[in-house]
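Please keep the sequence and the structure in view while reading.

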Amino acid sequence: MIQFRSVTKKYKNGNYALKNINLDILSGEFVFIVGASGAGKSTLMKLLYHEECPTSGTVTIGGINIANLSNDKVPSLRRCMGIVFQDYKLLQNMSIYDNVAYVIRTLGISSREIHARVTGALKIVGLENKIHATPAELSGGEQQRVGIARAIVNGPPLLIADEPTGNLDPKNSLEIMQILDQINQRGITVIVSTHDNAMVDYFRKRVITLDKGEVVRDIQAGTYE
């Protein structure tokens with residue numbers, strides 16, 4: 001599903017974020033991307049949803065090289081994936097229902113279909129009873145659940161989560177990872193960047209370790225260290 005071939009990201013100041021990355025991630029996998037701060041985790045994730053472009057090399061998703069995708073095609077790329085951020089990125093003046101519905105209201109589908117998709121996504125994350133609440137009325141863990149519901153409402157084959165538990169306590173972190181695991185069991189490819197070693201050790205998924213922009217470890221059913 002996803003291929004990185006000789007991917008390097010070098011900034012104008014001469015610093016390398018990634019060096020010669022070669023990776024294959026198969027459809028349906030659950031993958032943790034780990035490493036110390038500055039190891040290149042977030043840059044790798046941003047390449048997937050075209051927030052960044054590589055200096056050299058190719059990033060292929062579903063057979064399409066997205067490395068140098070034109071700006072007008074980026075929205076179509078992102079409609080094929082769900083993205084979960086550390087800081088939730090919810091619209092504070094909208095209800096939970098409208099936050100989740102926001103991303104599919106431009107697709108030309110009926111209100112009835114939108115309602116079915118939104119309530120279905122919120123049910124998966126356990127927030128079907130919070131549709132009229134606003135983000136300010138929710139805990140951090142609940143806000144991240146809304147972020148996940150928004151990411152999956154369009155039924156994407158790929159879910160990218162960049163430090164999804166970075167602002168959460170251990171209990172909420174575990175619940176968020178359990179939801180991501182359940183989503184993966186539905187056949188969705190899940191890629192999670194994290195520094196939460198306890199969660200990585202608990203779930204024993206594939207673990208790819210970055211150090212100074214290079215892949216130094218890639219192991220199935222692995223642990224953080």
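## The strand 4 and strand 5 hairpin

The model discussed here is predicted, and one place to begin is the hairpin made by strand 4 and strand 5, where two residues lie between the strands and Gly62 takes a positive phi near 60°.

In general, the strands of a sheet pair through backbone hydrogen bonds, which may be arranged in parallel or antiparallel fashion.

An open sheet with mixed pairing is formed by six strands, which follow the order 6-7-8-3-9-10. Its edges are strand 6 (81-84) and strand 10 (214-219), each of which pairs on one side only. If direction is ignored, neighbouring strands of this sheet are turned by 15° against each other on average.

Helix 5 (residues 140-152) lies across strand 6 and strand 7, and its direction makes an angle of about 165° with strand 6.

## Salt bridges between parts of the chain

The model has a count of 13 salt bridges. One of them brings together the side chains of Asp24 and Arg5, at 3.0 Å from N to O, and it links distant parts of the chain, since Asp24 belongs to strand 2 (residues 16-25) and Arg5 to strand 1, 19 residues apart. Asp24 is partly exposed, with a relative accessible area of 34%, and Arg5 is partly exposed at 32%.

Are the partners Lys41 and Glu163 buried or exposed? Their side chains meet in a salt bridge of 4.0 Å, N to O. Lys41 lies in helix 1 (residues 41-48) and Glu163 in the loop between strand 7 and helix 6 (170-185), so this pair ties together parts that are 122 residues apart in sequence. Lys41 counts as buried because its relative accessibility is 7%, and Glu163 counts as buried because its value is 9%, buried meaning under 20%.

Note on methods. Residues numbered from 1 in each chain as written. Predicted model: local features only at pLDDT ≥ 70, side-chain atom pairs only at ≥ 80, totals over all residues. Heavy atoms only, no water. Pairing = 2+ DSSP bridges. Helix = DSSP H or I, 4+ residues; strand = E, 2+ residues; numbered from the N terminus. Axes fitted to C-alpha atoms, helices over the stretch in contact; angles between N-to-C directions. Contact = heavy atoms within 4.5 Å. Buried < 20%, exposed > 50% of the residue type's maximum accessible area, 1.4 Å probe, protein only.
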